[in-house]
Amino acid sequence: MAPEIGDELQRIPDEPLLPIEKKLILVSLVLGASLLGVLWWVSVTYFNVTPPE
Amino acid sequence: MKDWFKSEDWWATWIGLFVFGLSLAALGGVDLLGWGIDTRVWSSLDQATAPIATAEAYSNKDLPPDFICLYKSLPGIISLSLTYVFLLLVLSVGAWALGLNVPRFAGSLTVIFWASYLCWLVGNYVYIAATPNRRPPGVTWSLGLTGEAGFIVALLAGLVIGNFAPGMAVRLSEATRPEWYIKTAIVILGGFLGVQAIGDTRLTQAILFRGFAAILEAYLIYWALVYFIARRFFRFSREWAAPLASGISICGVSAAIATGAAIRARPIVPVMVSSLVVIFSVVELLFLPFLAQAILPDDPMVAAAWMGLAVKTDGAAVASGAITQGLFQNQSSGPNWMLMTTTTVKVFIDVFIGIWAFVLALVWVYGINKKEGQHVPAADIWQRFPKFVIGYFLTFLVVFGLALAFRASPERLATLRVATTGSNVFRVLFFVMTFFTIGLVSNFKKLWQEGIGRLAAVYVVSLFGFVIWIGLAISWLFFHGMRPS
């Protein structure tokens, strides 16, 4: 089993990033960054449990 | 319908619900689980074990006078033996339904149960477990790790066997099922946390929403970054990069397998990624809780959410939450809120695995490997949905609903606490067995011999380079300042 997996990893073909993969990465990151602000605002506005200073 | 009885996931749900159902008999005035073993911090072995019926919840003055509990005088060893027999029977039924070799399973489980319990017992030794405020007279020092130290002892014992006595680990393999044990524990945990949630419903709602928000963020940011690094800098093919990104960034084993299936990768790919995930989750489990305690001493809820976001696999994540809550036990926040936070984050992650795998399947079928006439049915989401999550929310909501309904009745609330205390015995034991078996399957030497250094390199770079730190930042953003009373 050992050499098979090592060989398998050696044989991985070089595949350039396709436009659709770039799009998936970009959309995911942009969505993540924009939702960060929205969800944080909803959290502090509607689910705030921090005691007053 | 057959699927309902053919997967480990479903059997975790059934067993968890069965234990939970038995515990609810307490509401009718009859305690069916009071014989379960309770382990206390001990300096002499005769103090170490007793039936759970001797615990504080069973002596509550609010309990109705006709409440029937027959087990208070049971000797600890009988209680422990009954607990073993019960687990053996229940799990063997599951093993039979799953098509395992039942005699072999029963033999392996027996060793795993007793070895795990021994570790739990060692972890409860007063010099290891007692916190400074709870040291008995005559004990002048202790590590103060609480009984949760038993989890670490179990993990270390499992690691020793897995790495230095691999033959024995193989002989125990039929019952070496950490994912099954932790999923069952999580179903039972739902009820235990449900009764806790009644203490502060606003906080419960906040944990649920913020937990959801945190994991949505983690999914979108983690996955894209790990996939990009694996493809661009480590030159992995799509077949390797996608399961690797899911395994490292999302939820370890389940995510790697679901992603592998979604993009139609060869079975070797998710299997190798999963092996790596288990190894690294052990490493995380051993140091992240202590790091959290060191850098977040005043933010226990951030620490708890961080464990859920950063530690992979259900077993290691919830287990690290348990260790972290033990380390923060002297904080003003109730320790169970921390466990609820880690579990909620982890469970939401599991829910999203199915959805993310579905999204990837769409991208692969309609974009990357586009072929005429191929389509992805929406039923795939359900197929990939982790079913034990249903059990977790069910037990949580049932107990939470009952606790809300009983709020005006101290008697009924006291019986509900007895119910969840009784079932919690089994939750703890499933946790300990999870730790022990995680250790058993983590064979570092074998993995190294298999030559997966390149995979491990992506893992190290991603995990220690940004997954852990982004997880910390997201946890801080959503949980900073939460101070339950």
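Is B:Arg264 buried or exposed, and what is its relative accessibility? At 66% relative accessibility, B:Arg264 counts as exposed, where exposed means over 50% relative accessible area, buried means under 20%, and partly exposed lies in between (1.4 Å probe, protein chains only).

The legends below describe a predicted model, in which local features need pLDDT of at least 70 and side-chain atom pairs count only at pLDDT 80 or more, whereas totals for chains, interfaces and linings use all residues. Residues are numbered from 1 along each chain as its sequence is written, chains are lettered from A and ligands numbered from 1 in the order in which they are written, and side-chain values use heavy atoms, with hydrogens and water left out.

**View 1. Chain A and its accessible surface.** Chain A contains two helices and zero strands, these elements being DSSP runs numbered from the N terminus (helices are H or I runs of at least four residues, strands are E runs of at least two). Of the 53 residues in chain A, buried residues make up 28%. The chain exposes about 3,600 Å², and carbon and sulfur atoms supply 68% of that area, as calculated by the Shrake-Rupley method with a 1.4 Å probe, where for residues only the protein chains shown count as cover.

**View 2. The interface between chain B and chain A.** In this view, 44 residues of chain B are in contact with 34 residues of chain A, contact meaning heavy atoms within 4.5 Å. The size of an interface is often given as the accessible area lost when the parts come together. For chain B and chain A the buried area is about 3,500 Å², 70% of it on carbon and sulfur atoms; this is the accessible area (1.4 Å probe) that the two parts lose on being put together, summed over both. Between the two chains there are 11 residue pairs in polar contact, both residues being at pLDDT 80 or more, and a polar contact is a pair of N or O atoms within 3.5 Å, of which, within protein, one must be able to donate a hydrogen and the other to accept it, while residues adjacent in sequence count only if both atoms are side-chain atoms. The elements of chain B that give two or more residues to the side touching chain A are helices H8 (201-232), H9 (238-262), H10 (268-295), H13 (335-368) and H18 (453-479). Among these, H8(B) gives the most, with 18 residues. By class, this side of chain B has 26 nonpolar, seven polar and 11 charged residues, where Ala, Val, Leu, Ile, Met, Phe, Trp, Tyr, Cys and Pro count as nonpolar, Asp, Glu, Lys and Arg as charged, and the others, Gly among them, as polar.

**View 3. A salt-bridge network across the interface.** The count between chain B and chain A is four salt bridges, each defined as a side-chain nitrogen of Lys or Arg within 4 Å of a carboxyl oxygen of Asp or Glu. A:Glu15, A:Glu21, B:Arg231 and B:Arg238 are linked in a network of such bridges. Within it, the side chains of A:Glu21 and B:Arg231 meet at 2.8 Å, N to O, and this pair crosses between chains, from helix H2 of chain A to helix H8 of chain B. Both A:Glu21 and B:Arg231 are buried. B:Arg238 forms a salt bridge with A:Glu15, the closest N and O atoms being 3.7 Å apart.

**View 4. A loop-to-loop salt bridge at B:Arg235.** The side chains of A:Asp14 and B:Arg235 meet in a salt bridge (3.8 Å, N to O). A:Asp14 lies in the loop between helix H1 (2-10) and helix H2 (19-46) of chain A, and B:Arg235 in the loop between H8 and H9 of chain B, so the pair joins two chains. A:Asp14 counts as exposed at 56% relative accessibility, whereas B:Arg235 is partly exposed at 42%. B:Arg235 also has a positive phi of about 60° although it is not a glycine.

**View 5. The loop that holds B:Arg264.** B:Arg264 lies in the loop between H9 and H10 of chain B. This residue has a positive phi of about 60° although it is not a glycine.

**View 6. A salt bridge within chain B.** B:Arg177 forms a salt bridge with B:Glu8, the closest N and O atoms being 3.1 Å apart. B:Arg177 lies in the loop between helix H6 (166-171) and helix H7 (178-197) and B:Glu8 in helix H1 (residues 8-23), so the pair ties together parts that are 169 residues apart in sequence. B:Glu8 is partly exposed, with a relative accessible area of 23%.
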